[in-house]
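Here is a short tour to follow with the model open on your screen. Let's begin where a small molecule meets the protein.

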Amino acid sequence: MTATRTPAKHFAPLAIGAPEPYRALPVRLERMIHFIPPHNEKIRAKLKDTIKQVDVVLGNLEDAIPAGEKEVARKGFVSMAREHDFGQTGLWTRINCLNSPWALDDITEIVAEAGNKVDVIMLPKVEGPWDIHYLDQLLAQLEARHGVNRPILIHAILETAEGVKNVEAIAAASPRMHGMSLGPADLAASRGMKTTRVGGGHPDYQVLADAAGEAPRTRYQQDLWHYTVGKMVDACLSYGLKPFYGPFGDFSDSAACEAQFRNAFLQGCLGAWSLHPSQIEIAKRVFSPDVKEVLFAKRILDAMPDGTGAVMIDGKMQDDATWKQAKVIVDLAKLVASKDPAMAAAYGL
Ligand code: GLV
Ligand code: MG
(Lines give C-alpha, C1' and ligand atoms only; values in the text may rest on other atoms or scores of the structure.)
(Ligands and ions follow the chains in the order given, each with its own letter.)
Protein backbone atom coordinates (compact mmCIF):
# COMPACT_ATOMS: atom_id res chain seq x y z
CA MET A 1 0.00 0.00 0.00
CA THR A 2 1.25 3.50 -0.80
CA ALA A 3 1.95 5.56 2.31
CA THR A 4 -0.46 8.46 2.86
CA ARG A 5 -0.76 11.07 5.60
CA THR A 6 -2.97 10.26 8.57
CA PRO A 7 -6.44 11.87 8.34
CA ALA A 8 -5.51 14.44 11.02
CA LYS A 9 -2.36 15.51 9.17
CA HIS A 10 -4.18 15.52 5.85
CA PHE A 11 -6.12 18.57 7.07
CA ALA A 12 -3.23 20.32 8.84
CA PRO A 13 -1.62 23.37 7.17
CA LEU A 14 1.66 22.39 5.45
CA ALA A 15 3.50 25.46 6.74
CA ILE A 16 3.37 27.30 10.04
CA GLY A 17 1.18 30.35 9.49
CA ALA A 18 -0.54 29.04 6.33
CA PRO A 19 -4.36 29.05 6.36
CA GLU A 20 -6.23 25.88 7.36
CA PRO A 21 -7.19 23.73 4.37
CA TYR A 22 -10.91 23.63 3.58
CA ARG A 23 -12.84 20.57 4.81
CA ALA A 24 -15.38 21.10 2.05
CA LEU A 25 -15.12 23.23 -1.07
CA PRO A 26 -16.71 26.68 -0.99
CA VAL A 27 -20.08 26.56 -2.81
CA ARG A 28 -19.66 28.47 -6.09
CA LEU A 29 -21.31 28.52 -9.45
CA GLU A 30 -18.63 27.73 -12.06
CA ARG A 31 -20.44 27.02 -15.32
CA MET A 32 -17.73 28.52 -17.48
CA ILE A 33 -14.07 29.15 -16.84
CA HIS A 34 -13.48 32.05 -19.18
CA PHE A 35 -9.91 32.19 -20.51
CA ILE A 36 -8.28 35.51 -21.24
CA PRO A 37 -4.70 36.27 -22.37
CA PRO A 38 -3.49 38.76 -19.74
CA HIS A 39 -0.73 40.20 -21.94
CA ASN A 40 -3.43 41.61 -24.23
CA GLU A 41 -4.25 45.12 -23.00
CA LYS A 42 -7.36 45.46 -25.17
CA ILE A 43 -8.88 42.38 -23.58
CA ARG A 44 -7.82 43.49 -20.10
CA ALA A 45 -9.49 46.86 -20.73
CA LYS A 46 -12.85 45.09 -21.18
CA LEU A 47 -12.49 43.07 -18.01
CA LYS A 48 -14.98 45.04 -15.96
CA ASP A 49 -17.77 43.88 -18.27
CA THR A 50 -16.39 40.37 -18.63
CA ILE A 51 -16.45 39.92 -14.84
CA LYS A 52 -20.20 40.60 -14.89
CA GLN A 53 -20.85 38.08 -17.66
CA VAL A 54 -18.99 35.00 -16.46
CA ASP A 55 -18.73 32.77 -13.39
CA VAL A 56 -14.94 32.48 -13.47
CA VAL A 57 -12.26 34.63 -15.14
CA LEU A 58 -8.99 32.81 -15.80
CA GLY A 59 -5.78 34.58 -16.75
CA ASN A 60 -3.95 32.12 -18.98
CA LEU A 61 -0.17 32.02 -18.71
CA GLU A 62 0.46 28.65 -20.39
CA ASP A 63 -0.17 27.35 -23.92
CA ALA A 64 -1.34 29.99 -26.43
CA ILE A 65 0.86 32.61 -24.72
CA PRO A 66 4.05 33.02 -26.82
CA ALA A 67 7.34 32.30 -25.00
CA GLY A 68 8.40 35.93 -25.43
CA GLU A 69 5.21 37.20 -23.73
CA LYS A 70 5.17 34.93 -20.67
CA GLU A 71 6.48 37.56 -18.28
CA VAL A 72 4.23 40.30 -19.66
CA ALA A 73 1.27 37.93 -19.28
CA ARG A 74 2.18 37.21 -15.63
CA LYS A 75 2.51 40.92 -14.85
CA GLY A 76 -0.75 41.58 -16.69
CA PHE A 77 -2.47 38.97 -14.56
CA VAL A 78 -1.15 40.50 -11.34
CA SER A 79 -2.38 43.96 -12.34
CA MET A 80 -5.81 42.74 -13.37
CA ALA A 81 -6.10 40.85 -10.07
CA ARG A 82 -5.20 43.96 -8.08
CA GLU A 83 -7.22 46.47 -10.09
CA HIS A 84 -10.61 44.75 -10.09
CA ASP A 85 -13.19 43.70 -7.58
CA PHE A 86 -14.36 40.27 -8.74
CA GLY A 87 -17.35 40.01 -6.36
CA GLN A 88 -18.96 36.58 -6.77
CA THR A 89 -16.93 35.89 -9.92
CA GLY A 90 -14.00 33.52 -9.39
CA LEU A 91 -10.45 34.58 -10.26
CA TRP A 92 -8.21 31.79 -11.50
CA THR A 93 -4.92 31.56 -13.34
CA ARG A 94 -3.46 28.76 -15.46
CA ILE A 95 0.26 28.72 -14.69
CA ASN A 96 2.92 27.12 -16.84
CA CYS A 97 3.67 23.45 -16.23
CA LEU A 98 6.04 22.51 -13.46
CA ASN A 99 9.00 21.54 -15.67
CA SER A 100 8.87 24.79 -17.67
CA PRO A 101 11.22 27.75 -17.13
CA TRP A 102 8.30 29.94 -15.97
CA ALA A 103 6.39 27.91 -13.37
CA LEU A 104 8.40 28.89 -10.28
CA ASP A 105 8.14 32.62 -10.99
CA ASP A 106 4.46 32.24 -11.92
CA ILE A 107 3.73 30.74 -8.51
CA THR A 108 5.99 32.90 -6.34
CA GLU A 109 5.11 36.24 -7.97
CA ILE A 110 1.39 35.62 -8.14
CA VAL A 111 1.07 34.55 -4.50
CA ALA A 112 3.31 37.42 -3.37
CA GLU A 113 1.47 40.08 -5.32
CA ALA A 114 -2.10 38.84 -5.61
CA GLY A 115 -2.37 35.88 -3.20
CA ASN A 116 -5.49 37.19 -1.47
CA LYS A 117 -7.32 37.72 -4.77
CA VAL A 118 -6.70 34.37 -6.49
CA ASP A 119 -9.19 31.57 -5.81
CA VAL A 120 -7.71 28.76 -7.87
CA ILE A 121 -4.46 27.89 -9.65
CA MET A 122 -4.99 25.64 -12.63
CA LEU A 123 -2.02 23.31 -13.02
CA PRO A 124 -1.49 21.87 -16.50
CA LYS A 125 -0.08 18.47 -17.51
CA VAL A 126 -0.47 16.88 -14.07
CA GLU A 127 0.96 13.37 -14.23
CA GLY A 128 0.53 12.11 -10.69
CA PRO A 129 0.07 13.09 -7.03
CA TRP A 130 3.71 14.20 -6.78
CA ASP A 131 2.89 17.28 -8.89
CA ILE A 132 0.08 18.21 -6.50
CA HIS A 133 2.22 17.58 -3.40
CA TYR A 134 4.92 19.89 -4.71
CA LEU A 135 2.54 22.75 -5.47
CA ASP A 136 0.62 22.14 -2.23
CA GLN A 137 3.75 22.52 -0.08
CA LEU A 138 5.08 25.49 -2.00
CA LEU A 139 1.72 27.30 -1.83
CA ALA A 140 1.55 26.75 1.93
CA GLN A 141 5.01 28.27 2.40
CA LEU A 142 4.16 31.24 0.21
CA GLU A 143 0.75 31.75 1.82
CA ALA A 144 2.45 31.86 5.22
CA ARG A 145 5.12 34.27 4.04
CA HIS A 146 2.68 36.66 2.36
CA GLY A 147 -0.17 36.52 4.88
CA VAL A 148 -2.68 34.90 2.53
CA ASN A 149 -5.81 34.37 4.59
CA ARG A 150 -7.57 31.50 2.79
CA PRO A 151 -6.12 28.55 0.90
CA ILE A 152 -5.52 28.95 -2.84
CA LEU A 153 -7.03 25.86 -4.44
CA ILE A 154 -5.49 23.66 -7.13
CA HIS A 155 -7.36 22.59 -10.27
CA ALA A 156 -5.55 19.90 -12.30
CA ILE A 157 -5.77 19.56 -16.06
CA LEU A 158 -6.12 15.91 -17.03
CA GLU A 159 -4.23 15.92 -20.29
CA THR A 160 -1.59 13.20 -20.33
CA ALA A 161 -1.94 9.45 -20.59
CA GLU A 162 -0.09 9.09 -17.28
CA GLY A 163 -2.37 11.64 -15.62
CA VAL A 164 -5.44 9.69 -16.70
CA LYS A 165 -3.85 6.48 -15.39
CA ASN A 166 -3.23 8.20 -12.02
CA VAL A 167 -6.45 10.23 -11.85
CA GLU A 168 -7.65 8.81 -8.52
CA ALA A 169 -4.34 9.46 -6.77
CA ILE A 170 -4.37 13.02 -8.14
CA ALA A 171 -7.88 13.57 -6.77
CA ALA A 172 -6.82 12.20 -3.37
CA ALA A 173 -3.53 14.11 -3.18
CA SER A 174 -4.56 17.13 -1.09
CA PRO A 175 -7.48 18.97 0.54
CA ARG A 176 -6.34 21.86 -1.65
CA MET A 177 -7.77 20.10 -4.72
CA HIS A 178 -10.67 21.97 -6.29
CA GLY A 179 -11.31 19.72 -9.28
CA MET A 180 -10.13 18.76 -12.74
CA SER A 181 -10.65 19.66 -16.37
CA LEU A 182 -10.28 17.36 -19.33
CA GLY A 183 -7.59 18.74 -21.68
CA PRO A 184 -8.44 16.97 -24.93
CA ALA A 185 -5.78 18.62 -27.11
CA ASP A 186 -2.73 17.68 -25.06
CA LEU A 187 -4.31 14.37 -24.11
CA ALA A 188 -4.79 13.44 -27.77
CA ALA A 189 -1.10 14.13 -28.43
CA SER A 190 0.07 12.32 -25.31
CA ARG A 191 -1.99 9.24 -26.14
CA GLY A 192 -1.01 9.14 -29.79
CA MET A 193 -4.58 9.71 -30.95
CA LYS A 194 -4.70 10.48 -34.66
CA THR A 195 -6.48 13.84 -34.53
CA THR A 196 -5.64 17.51 -35.05
CA ARG A 197 -8.51 19.09 -33.07
CA VAL A 198 -9.00 20.85 -29.73
CA GLY A 199 -11.75 18.69 -28.25
CA GLY A 200 -15.07 17.67 -29.70
CA GLY A 201 -15.86 14.63 -31.80
CA HIS A 202 -14.27 13.20 -34.92
CA PRO A 203 -16.22 12.13 -38.01
CA ASP A 204 -14.31 8.85 -38.26
CA TYR A 205 -14.96 7.74 -34.68
CA GLN A 206 -18.18 5.82 -35.20
CA VAL A 207 -20.00 2.54 -35.09
CA LEU A 208 -21.47 1.02 -38.22
CA ALA A 209 -24.90 -0.58 -38.03
CA ASP A 210 -25.25 -4.18 -39.24
CA ALA A 211 -25.89 -4.73 -42.94
CA ALA A 212 -29.57 -5.31 -43.67
CA GLY A 213 -30.07 -6.28 -47.31
CA GLU A 214 -29.46 -3.51 -49.81
CA ALA A 215 -30.29 -0.62 -47.44
CA PRO A 216 -27.40 1.78 -46.79
CA ARG A 217 -25.80 1.05 -43.44
CA THR A 218 -26.25 3.75 -40.81
CA ARG A 219 -23.15 5.19 -39.17
CA TYR A 220 -23.28 6.68 -35.69
CA GLN A 221 -20.61 9.11 -34.60
CA GLN A 222 -19.48 8.44 -31.02
CA ASP A 223 -18.13 10.71 -28.27
CA LEU A 224 -14.34 10.33 -28.29
CA TRP A 225 -14.12 11.66 -24.71
CA HIS A 226 -16.76 9.52 -23.08
CA TYR A 227 -14.36 7.16 -21.33
CA THR A 228 -12.07 9.87 -19.99
CA VAL A 229 -14.88 12.12 -18.79
CA GLY A 230 -16.48 9.15 -17.01
CA LYS A 231 -13.21 8.21 -15.34
CA MET A 232 -12.55 11.79 -14.28
CA VAL A 233 -16.09 12.27 -12.91
CA ASP A 234 -15.82 9.12 -10.77
CA ALA A 235 -12.42 10.14 -9.40
CA CYS A 236 -13.57 13.70 -8.66
CA LEU A 237 -16.89 12.86 -7.05
CA SER A 238 -15.30 10.15 -4.90
CA TYR A 239 -13.21 12.88 -3.30
CA GLY A 240 -15.77 15.70 -3.29
CA LEU A 241 -14.09 17.54 -6.18
CA LYS A 242 -15.58 19.22 -9.25
CA PRO A 243 -15.14 17.81 -12.77
CA PHE A 244 -15.11 20.02 -15.90
CA TYR A 245 -14.93 19.56 -19.63
CA GLY A 246 -12.10 21.73 -21.01
CA PRO A 247 -11.72 23.54 -24.34
CA PHE A 248 -13.65 23.34 -27.61
CA GLY A 249 -11.47 24.83 -30.31
CA ASP A 250 -13.77 25.15 -33.33
CA PHE A 251 -15.37 28.53 -32.66
CA SER A 252 -17.30 28.31 -35.95
CA ASP A 253 -19.27 25.24 -34.82
CA SER A 254 -21.36 26.33 -31.85
CA ALA A 255 -23.77 23.39 -32.25
CA ALA A 256 -20.93 20.88 -31.86
CA CYS A 257 -19.57 22.84 -28.90
CA GLU A 258 -22.98 22.74 -27.26
CA ALA A 259 -23.31 18.99 -27.90
CA GLN A 260 -19.89 18.29 -26.35
CA PHE A 261 -20.62 20.49 -23.33
CA ARG A 262 -24.02 18.81 -22.89
CA ASN A 263 -22.56 15.29 -22.90
CA ALA A 264 -20.14 16.40 -20.19
CA PHE A 265 -22.96 18.04 -18.18
CA LEU A 266 -25.12 14.91 -18.34
CA GLN A 267 -22.15 12.78 -17.28
CA GLY A 268 -21.59 14.92 -14.17
CA CYS A 269 -19.41 17.88 -15.17
CA LEU A 270 -20.22 21.28 -13.67
CA GLY A 271 -18.76 23.52 -16.33
CA ALA A 272 -16.41 23.91 -19.28
CA TRP A 273 -13.87 26.40 -20.56
CA SER A 274 -14.96 29.32 -22.71
CA LEU A 275 -12.14 30.37 -25.03
CA HIS A 276 -14.25 32.75 -27.09
CA PRO A 277 -16.99 35.14 -25.95
CA SER A 278 -19.56 33.16 -28.02
CA GLN A 279 -18.96 30.13 -25.79
CA ILE A 280 -20.00 31.97 -22.61
CA GLU A 281 -23.70 31.81 -23.49
CA ILE A 282 -23.38 28.20 -24.63
CA ALA A 283 -21.89 27.18 -21.30
CA LYS A 284 -24.48 29.20 -19.38
CA ARG A 285 -27.29 27.46 -21.25
CA VAL A 286 -25.85 23.96 -20.92
CA PHE A 287 -24.61 24.05 -17.33
CA SER A 288 -27.74 25.67 -15.89
CA PRO A 289 -30.23 22.83 -15.48
CA ASP A 290 -33.09 22.70 -17.95
CA VAL A 291 -36.26 24.44 -16.69
CA LYS A 292 -38.51 21.43 -17.43
CA GLU A 293 -36.12 19.10 -15.61
CA VAL A 294 -36.04 21.43 -12.60
CA LEU A 295 -39.82 21.67 -12.43
CA PHE A 296 -40.12 17.87 -12.61
CA ALA A 297 -37.37 17.41 -10.01
CA LYS A 298 -39.22 19.78 -7.67
CA ARG A 299 -42.35 17.64 -8.03
CA ILE A 300 -40.32 14.58 -6.99
CA LEU A 301 -38.96 16.37 -3.90
CA ASP A 302 -42.44 17.66 -2.99
CA ALA A 303 -43.99 14.22 -3.41
CA MET A 304 -41.44 12.56 -1.11
CA PRO A 305 -40.81 15.05 1.73
CA ASP A 306 -38.50 12.73 3.70
CA GLY A 307 -36.82 11.24 0.61
CA THR A 308 -38.01 7.68 1.21
CA GLY A 309 -40.66 5.34 -0.17
CA ALA A 310 -42.03 5.14 -3.71
CA VAL A 311 -44.53 7.28 -5.63
CA MET A 312 -45.69 7.49 -9.23
CA ILE A 313 -45.48 10.82 -11.10
CA ASP A 314 -46.80 10.93 -14.69
CA GLY A 315 -46.50 7.13 -14.87
CA LYS A 316 -42.85 7.17 -13.79
CA MET A 317 -41.70 5.38 -10.65
CA GLN A 318 -39.87 7.56 -8.10
CA ASP A 319 -37.96 6.32 -5.08
CA ASP A 320 -35.04 7.28 -2.85
CA ALA A 321 -32.62 7.17 -5.81
CA THR A 322 -34.63 9.44 -8.09
CA TRP A 323 -35.16 11.74 -5.07
CA LYS A 324 -31.35 12.04 -4.85
CA GLN A 325 -31.08 12.78 -8.57
CA ALA A 326 -33.81 15.40 -8.21
CA LYS A 327 -31.90 16.97 -5.32
CA VAL A 328 -28.73 17.30 -7.43
CA ILE A 329 -30.73 19.18 -10.06
CA VAL A 330 -32.67 21.38 -7.63
CA ASP A 331 -29.53 22.24 -5.61
CA LEU A 332 -27.79 23.36 -8.81
CA ALA A 333 -30.89 25.29 -9.89
CA LYS A 334 -30.89 27.13 -6.53
CA LEU A 335 -27.26 28.10 -7.07
CA VAL A 336 -28.05 29.40 -10.57
CA ALA A 337 -31.15 31.18 -9.21
CA SER A 338 -29.09 32.93 -6.53
CA LYS A 339 -27.09 34.63 -9.29
CA ASP A 340 -29.66 35.02 -12.03
CA PRO A 341 -33.12 36.49 -11.25
CA ALA A 342 -34.53 35.51 -14.68
CA MET A 343 -33.58 31.87 -14.12
CA ALA A 344 -34.92 32.05 -10.55
CA ALA A 345 -38.30 33.09 -11.95
CA ALA A 346 -38.24 30.37 -14.64
CA TYR A 347 -37.40 27.72 -12.04
CA GLY A 348 -40.03 29.08 -9.64
CA LEU A 349 -37.36 29.41 -6.93
C1 GLV B 1 -5.99 22.01 -22.82
O2 GLV B 1 -5.08 22.52 -22.23
C3 GLV B 1 -5.83 20.95 -23.75
O4 GLV B 1 -4.67 20.57 -23.97
O5 GLV B 1 -6.84 20.49 -24.30
MG1 MG C 1 -3.23 21.62 -22.72
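In this predicted model, a backbone N or O atom of Pro184 sits 3.0 Å from an oxygen atom of ligand 1.

| Residue | Atom on the protein side | Distance to an oxygen atom of ligand 1 |
|---|---|---|
| Glu159 | polar side-chain atom | 2.9 Å |
| Pro184 | backbone N or O atom | 3.0 Å |
| Ala185 | polar backbone atom | 2.7 Å |

How much of ligand 1 does the protein cover? The protein covers 92% of the 190 Å² of accessible area that ligand 1 has on its own, with areas from the Shrake-Rupley method and a 1.4 Å probe. The residues around ligand 1 include Arg94, Gly183, Asp186, Pro247 and Trp273, where a residue counts if one of its heavy atoms lies within 4 Å.

Now zoom out to the domains, whose bounds come from an automatic or database domain assignment. Domain 1 covers 7–208 + 216–287, and domain 2 covers 293–347. Nine residues from domain 1 and four residues from domain 2 make the contact, meaning heavy atoms within 4.5 Å. The C-alpha centres of the two domains are 30 Å apart.

Together the domains bury about 580 Å², 69% of it on carbon and sulfur atoms; buried area is the accessible area (1.4 Å probe) that two parts lose on being put together, summed over both. Val27, Leu29 and Arg31 supply 56% of the area that domain 1 buries against domain 2, more than any other three residues.

What joins the domains by charge? There is one salt bridge between domain 1 and domain 2, the term being a side-chain nitrogen of Lys or Arg within 4 Å of a carboxyl oxygen of Asp or Glu. Lys339 forms a salt bridge with Asp55, with the closest N and O atoms 2.6 Å apart.

A few reading notes: residues are numbered from 1 along each chain as its sequence is written, with chains lettered from A and ligands numbered from 1 in the order written. Local features need pLDDT of at least 70 and side-chain atom pairs count only at pLDDT 80 or more, whereas totals for chains, interfaces and linings use all residues, and side-chain values use heavy atoms, leaving out hydrogens and water.

Definitions and conventions
Polar contact = N/O pair within 3.5 Å; in protein donor to acceptor, adjacent residues only side chain to side chain.
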